[in-house]
Amino acid sequence: MKLDYATLISPFSFFIHNVGNIKSPSLRDIWNPSVTYQKYNLYISFLSMDIKTYCEQIDISKLEWYQSLTEENKLSINMFDIISNSENLQNMFSDIFNFFLEEKVIWNNEKKLFITFNIYDEKSPPIPVGTIRKEIFLELCDIILQRCGIIRSDIITDMSKVKNKRALKILGKIKKAKQKLSKSNNSYVDTDLPNLISAIAAKSNSINLINIWDLTVYQLFEQFKKEQTNVYFDIQKMSVAAYGNKKNTFKGNEWYKN
């Protein structure tokens, strides 16, 4: 599911039927001592992780098993299959979902899924809201990442839902190509959150180190893009003021164009 721009810039939660409400975390939420920026990065890493990466970088003992699978079998599984058999991952993703969802998220070992609850107070019993199971897992992770300004280029669809062998083969090739492209673009990712916070607070006319913490992560990235646009617009504006606009290349509305 691709979220629209209005949803992405919103500070309010996004509801997924039979799952719960996904928050758009603010910088204040992330830098809260109970979370920290380092732990937030860990959460993002696990949400972005596929099985191949997990076996190569986290649990090497499973690498031989993964390499022994056929291409068709590799495409039929996702990280939820690994989570179902790992108590450490169940605890990790419980923490992750409890940070990004408004509901309380608990792993149910008997049913092999996460259950989301509304807990209003200590005296009232928890009210089940929904579940997080294999069928929704990748889409949920992707939506959380979108709300954090991260696009997963390695995900096209949940391959485990595709039953047609020919379709699986085609999607597998597309996925490999997109992963290769994603790796080649990593050198451009040089804007981490602490640096952007400092830069925007110094550059903006209204945002400073006092109020910037109320921005969501996505809003921060958008503010950065708009500040960049305004820099180029100001350069053009000054050039036209000094030398004119004989070729009509300067329209004056570039600052708000999407």
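Glu 227 is buried, with a relative accessible area of 12%. In this predicted model, Glu 227 forms a salt bridge with Lys 203, at 4.0 Å from N to O.

**Salt bridge between helices**
- The Glu 227–Lys 203 pair joins distant parts of the chain, with Glu 227 in helix α12 (residues 217–243) and Lys 203 in helix α11 (residues 193–203), 24 residues apart.
- Lys 203 is partly exposed, at 43% relative accessibility.

**Salt bridges within a helix**
- Glu 222 and Lys 225 form a salt bridge whose closest N and O atoms lie 3.1 Å apart.
- These two residues are three positions apart in helix α12, so about one helical turn separates Glu 222 from Lys 225.
- Glu 222 is buried at 10% relative accessibility, whereas Lys 225 is partly exposed at 45%.
- Lys 74 and Glu 71 meet in a salt bridge of 3.6 Å, N to O.
- Lys 74 and Glu 71 are about one helical turn apart because they are three residues apart in helix α6 (residues 71–75).
- Lys 74 is buried at 18% relative accessibility, and Glu 71 is partly exposed at 43%.

- Strand β4 (residues 113–118) pairs with β3 in the antiparallel sense over five bridges.
- Phe 114 in β4 is the bridge partner of Trp 107.
- Four residues lie between the strands of this hairpin, in which Lys 112 adopts a positive phi near 60°.

Notes:
Residues are numbered from 1 along each chain as its sequence is written. This is a predicted model: local features need pLDDT of at least 70, side-chain atom pairs count only at pLDDT 80 or more; totals for chains, interfaces and linings use all residues. Side-chain values use heavy atoms; hydrogens and water are left out. Two strands pair if DSSP finds at least two bridges between them. A salt bridge is a side-chain nitrogen of Lys or Arg within 4 Å of a carboxyl oxygen of Asp or Glu. Buried means under 20% relative accessible area, exposed over 50%, partly exposed in between (1.4 Å probe, protein chains only).
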